[in-house]
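Subject: Structure handover

Hello,

Please open it first, then read the notes below.

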Amino acid sequence: MPVTLLLVLHGITAVFLLGAITHQTLGVFWPRRPGQTDFVANARGIRPQIYAKPIVILYVTEFILGALLYPTYRVVARPPLQDLQLTYVIGLFEVKENFAAIMLAMLPSYLYFWKRAPEWANTRAWITGILFVTTWYNFVAGHLVNNARGLF
């Protein structure tokens with residue numbers, strides 16, 4: 001499969017994942033109050049538990065697509081960044097890799113607390129918040145690395 005197609009699929013899947021985790025996080029930390037009808041309230045007015053399985057599926061898909069793209073990054077994209085001495089961009093990607101792997105290992109507990117442990121609302125909220133922050137970080141860092149050669 002061509003690298004460009006993989007990169008586009010990786011980006012589209014990331015946007016779906018960001019949408020799902022953002023809606024779920026809004027539903028957990030800032031639920032809609034009765035009578036609110038504005039745009040933001042409608043984005044918050046969801047049932048957060050229905051997003052758990054789709055988020056896991058999207059995250060695993062995103063991780064697999066990233067793993068398929070990783071050799072191309074190492075061989076094609078990273079050497080010019082090293083030549084330009086953009087070590088902070090490379091560092092962003094290194095942290096992104098670690099966050100992605102840690103969150104992949106955390107997905108079973110995330111799914112457990114959403115599906116089988118409804119009484120653990122505080123733990124569920126913390127895990128959701130951590131997944132939200134790391135997913136957004138990975139998205140922003142991935143785009144900065146992807147665009148670094150064109151910017152510098």
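Let me start with one residue. Val145 is buried, at a relative accessible area of 9%. Buried means under 20% relative accessible area, exposed means over 50%, and partly exposed lies in between (1.4 Å probe, protein chains only). Val145 sits in helix α5. It touches Tyr73, Leu81, Val89 and Phe93, leaving out residues up to four places away in sequence. Contact here means heavy atoms within 4.5 Å. Tyr73 is 72 residues from Val145 along the chain, yet their C-alpha atoms are separated by 9.6 Å.

Some ground rules. This is a predicted model: local features need pLDDT of at least 70, side-chain atom pairs count only at pLDDT 80 or more, and totals for chains, interfaces and linings use all residues. Residues are numbered from 1 along each chain as its sequence is written, and side-chain values use heavy atoms, with hydrogens and water left out.

The overall picture

The protein has five helices and zero strands. From the N terminus the order is α-α-α-α-α. Helices (H or I, at least four residues) and strands (E, at least two) are DSSP runs, numbered from the N terminus. The C-alpha trace spans about 55 × 35 × 30 Å along its principal axes. Of the 152 residues, 35% count as buried. Among contacts with a separation of 6 or more, 72% join residues 24 or more positions apart.

The protein exposes about 9100 Å², and carbon and sulfur atoms supply 69% of that. Areas come from the Shrake-Rupley method with a 1.4 Å probe; for residues, only the protein chains shown count as cover.

α3 covers residues 52-83 and bends by about 50° at Tyr73. The bend is the angle between axes fitted to the seven residues ending there and the seven starting there. Buried residues of α3 include Ile55, Tyr59, Glu62, Tyr73, Arg78 and Leu81.

Gln85 lies in the loop between α3 and α4. Its phi is positive, about 55°, although Gln85 is not a glycine. Is Gln85 buried or exposed? Gln85 counts as exposed, at 65% relative accessibility.

The cores

A nonpolar core is a set of buried Ala, Val, Leu, Ile, Met, Phe, Trp, Tyr and Cys residues joined through side-chain atoms within 4.5 Å. The largest one has 19 residues; Ile55, Tyr59, Tyr110 and Leu131 touch the most other members. The elements giving two or more residues to this core are α1 (3-29), α3, α4 (87-115) and α5 (121-151). α4 gives the largest share, seven residues. Leu131 touches Ile21, Ile55, Tyr59, Met103 and Tyr110, again not counting residues up to four places away in sequence.

Apart from this core lies another, of eight residues, among them Tyr73, Leu81, Val89 and Ala148.

Glu97 belongs to helix α4. It is partly exposed, with a relative accessible area of 22%. Glu97 and Ser109 are 12 residues apart in sequence and 20 Å apart in space, C-alpha to C-alpha.

Best regards
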